[in-house]
Protein chains: 2
Amino acid sequence: MDLTTMGQSAVAAKYSLQVLSTEEKNRALMTAAAKLVEKQEDILKANEVDIKNGEKNGMHQGLLDRLRLNEVRIEAMAEGLRQIVDIPDCIGEVMERFERPNGMQIEKKRVPLGVIGIIYESRPNVTADAFGLCFKTGNAVILKGGSDAIHSNIAIVKVLKEALAECGITENAIQLIEDTDRAVTAAFMKMNEYVDVLIPRGGAGLIQSVVENSTIPVIETGTGNCHVYVDEAADMDMAVNIIFNAKTQRIGVCNACESLVVHRKIAEDFLPKLKEALSAKNVELRGDEGVRAVLSDCIPATEDDFGKEYLDYILSMKTVDSVEEAIAHINKYNTKHSECIVTEDAEAAEQFLNQVDAACVYWNVSTRFTDGFEFGFGAEIGISTQKLHARGPMGLKELTSYKYAITGNGQVRG
Amino acid sequence: MDLTTMGQSAVAAKYSLQVLSTEEKNRALMTAAAKLVEKQEDILKANEVDIKNGEKNGMHQGLLDRLRLNEVRIEAMAEGLRQIVDIPDCIGEVMERFERPNGMQIEKKRVPLGVIGIIYESRPNVTADAFGLCFKTGNAVILKGGSDAIHSNIAIVKVLKEALAECGITENAIQLIEDTDRAVTAAFMKMNEYVDVLIPRGGAGLIQSVVENSTIPVIETGTGNCHVYVDEAADMDMAVNIIFNAKTQRIGVCNACESLVVHRKIAEDFLPKLKEALSAKNVELRGDEGVRAVLSDCIPATEDDFGKEYLDYILSMKTVDSVEEAIAHINKYNTKHSECIVTEDAEAAEQFLNQVDAACVYWNVSTRFTDGFEFGFGAEIGISTQKLHARGPMGLKELTSYKYAITGNGQVRG
């Protein structure tokens, strides 16, 4: 199917999706979950083709692992859809209501975004997940997944469409771009006439490419060069504990700590304790001069290190003379994602929370909590690092817009 | 000054602006208002240069009029700044506050967007207005005005900077790109590193160009192909009154009515009444076959007419057999701006309000009310026709973002 036809089908679908009741949407999600499990043989067979192709093309083990499906993972996909059922439906909610002096009543009501485009890499679980989140919020979705997962995605979308049809809902609520040609992806990013929002999900390269090439409004999700600042008034054990968690609990995620900023006054006491703790996970330390004055065998940190999202067992370290210097350093190098101060000094904490420019600013809490589930949103479509529309963890509400409905009795403007 | 230096200066300014108190901001706005009046000779002299150049280049009368400043217009610019003082400061407002089971406290707080870029045409009043709105919300602004107004803009920005300096506030809160080369504008639209949001203010051509070329997130403001649908259950006098107002009260604005949709059952009674009313303003009528069956001398409407924002004394007209057909027609041709149903049938109205895809949907009220001042926002930066971030009239709150501040006592993720 060509892109224009897909766009038109999505627009037609969005009008019928926006009027579905919560019950209709939940029934379809439960049916889809059941059908994923029921038809898992078909999905696994298709996935096997992708895996074989990946192996043939010398795909890395890590990527192959993300691509691979099995019974447990399909059950997890189904469970993801069931969990979305439990999240309250926010569509139709009256967000504000006010009356004007001329008697007209204005209601600000929550509505779906309309048609959402999602461009992602070779993780077939995103296919079901993105569908569930968009569908619950009354949006039609057009998916463009990584070409390495194309057979898996086709099989999953087929099952989801069958579930929709069984519930009497338009199958065009979900569409997959099957053409893996890059030119098609480029054209997709310029379909402003049909697509309201484009959300890239994946690594920095994918996101950068979408930001640069899309004319459709984009929600940039993100890379995280997250810092922990250990203030002179920090509880040192707490600081070690938070950094150990933020750095090592899971290294490949955007809310992991990549850089330490430490007040010079406590560097001598603190850094050896931290080094000892991190040595249990063989974390490589790279420090500025101030750090190396304390840890003499530490690798020197370059300018490049401070701007880097390692996603690895590496930590860059910088010494500062004040909370102001810490804030300036972080605002210079961070990616506006998640930043933490460890201190017992409420004034320093307030200054840090107010002046650091990031979606999430933490006081005595690990940066690893920047997550839709951890925030209690019940779901997550990604972490926005831009300031327009949504910032930080995005749940269902972040997939909605609003409209103003104005009622009166013949008011005209004078 | 080169663009990179301007970007860096704006970023430095944003950090100092976000911590200003409401009183500091209001004092600067009052000082700026006073200074505009005090230094009006300088501004008028500069404006005279632009006007003379415009006349020499054969600029249209309408554009020359928008470009021209005088004492009254400078006073209006000053009064605009004084009015912004009276609007409550929303920065720092706690939008939500919740606690998680692990004891961490999450606050969602309103913050400035950061650095806002505004690209506009040769209307020097926008210079002061855009500064006032961005400044009150703690944002730094970089302006790129039309080249025809460059001398006026330089003079206005000079005065505003003087006012800021007098109040001890960074002059880089406002910066003007003085280089009128198109290549500079193109480069400005790709300054993602420094600029958080780009807002084009002007005609459809300008907006389209920004949407197509910017890599910075854009708020699309808008063109309006607005419809009034006269239902079979309409109060006909009210319908005539609303259309007369929406079509003729001011023709060059985005919330003017451009197209009429009328139920076939009442076309015969209604259209002659409407024609008579609109003849007082010499409105040209262009109708489909159903309309011409009633108004035999009506000009035929083409497909092209239905998609057109005339901004003129012209009205396209379409007959339909049902509210569903009216909704489908409007959703096909509208620009998602403002749409109205005139009816006494509450069920038809509800269907229309829910299913028409537009920022503002009206029941028995003129579309001319889509306006920040008419909505009671106290200000307006534009009417957004996109669904991301802001939709409909944008006031001060629409120039803000939010951040999550999380506090705890050492929580780590398990």
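This is a predicted model: local features need pLDDT of at least 70, side-chain atom pairs count only at pLDDT 80 or more; totals for chains, interfaces and linings use all residues.
Student: How many residues of chain A are in contact with chain B?
Tutor: Contact here is taken as heavy atoms within 4.5 Å. On the chain B side, 75 residues take part. On the chain A side, the number is 75.

Student: What share of the area buried between the chains comes from carbon and sulfur atoms?
Tutor: The two chains bury about 6100 Å² between them. Of that area, carbon and sulfur atoms give 53%.

Student: Which residue of chain B forms a salt bridge with Arg413(A)?
Tutor: The rule finds eight salt bridges across the interface of chain A and chain B. The cut-off is 4 Å between nitrogen and carboxyl oxygen. For Arg413(A) the closest N and O atoms are 3.3 Å apart, and the partner is Glu374(B).

Student: Which element gives the most residues to the side of chain A that touches chain B?
Tutor: Several elements of chain A give two or more residues, among them helix H1 (3-17), helix H10 (236-248) and strand S16 (400-411). The top contribution is eleven residues, and it comes from S16(A).

Student: How many charged residues are on that side of chain A?
Tutor: By class, the side of chain A that touches chain B has 36 nonpolar residues. Another 24 are polar. The charged residues number 15.

Student: Why do two strands of the ten-strand sheet have one side without a neighbour?
Tutor: The sheet is open and mixed, in the order S10(A)-S9(A)-S11(A)-S8(A)-S7(A)-S12(A)-S13(A)-S16(B)-S2(B)-S1(B). Each edge strand has a single partner strand, so one side of each is left without a neighbour in the sheet. The two strands are S10 (299-300) of chain A and S1 (94-99) of chain B.

Student: What is the bridge partner of Val228(A)?
Tutor: Strand S7 (residues 226-230) and strand S12 (residues 338-342) of chain A run parallel, joined by four bridges. In S12(A), the partner of Val228(A) is Cys340(A).

Student: What angle does helix H11 of chain A make with S8(A)?
Tutor: H11(A) (residues 264-279) packs on the sheet. It touches S7, S8 (257-263), S9 (284-287) and S11 (314-320) of chain A. Its direction and that of S8(A) make an angle of about 145 degrees.

Student: Which strands are the edge strands of the four-strand sheet in chain B?
Tutor: This open sheet has the order S5-S4-S3-S6, with parallel pairing. Neighbouring strands are turned by 20 degrees against each other on average, direction ignored. Those that pair on one side only are S5 (174-176) and S6 (197-201) of chain B.

Student: What is the bridge partner of Ile119(B)?
Tutor: Strand S3 (residues 115-120) of chain B pairs with S6(B) in the parallel sense, over five bridges. Within S6(B), Ile119(B) has as its partner Pro200(B).

Student: At what angle does H7(B) run to S5(B)?
Tutor: Helix H1 (residues 3-17) of chain B lies across S3, S4 (140-144) and S5 of chain B. H7(B) lies across S3 and S5 of chain B. The angle of H7(B) to S5(B) is about 160 degrees.

Student: How many nonpolar residues are in the contact of H6(B) with H7(B)?
Tutor: H6 (residues 125-136) and H7 (residues 150-166) of chain B pack at about 35 degrees, with axes 10 Å apart. Contact residues include Phe131(B) and Phe135(B) of H6(B), and Ile156(B) and Leu160(B) of H7(B). Two of the contact residues are polar and none is charged, while the nonpolar residues number seven.

How values were computed: Residues are numbered from 1 along each chain as its sequence is written. Chains are lettered from A and ligands numbered from 1 in the order in which they are written. Side-chain values use heavy atoms; hydrogens and water are left out. Buried area is the accessible area (1.4 Å probe) that two parts lose on being put together, summed over both. A salt bridge is a side-chain nitrogen of Lys or Arg within 4 Å of a carboxyl oxygen of Asp or Glu. Ala, Val, Leu, Ile, Met, Phe, Trp, Tyr, Cys and Pro count as nonpolar, Asp, Glu, Lys and Arg as charged, and the others, Gly among them, as polar. Axes are lines fitted to C-alpha atoms, for helices over the stretch in contact, and angles run from 0 to 180 degrees between N-to-C directions. Two strands pair if DSSP finds at least two bridges between them.
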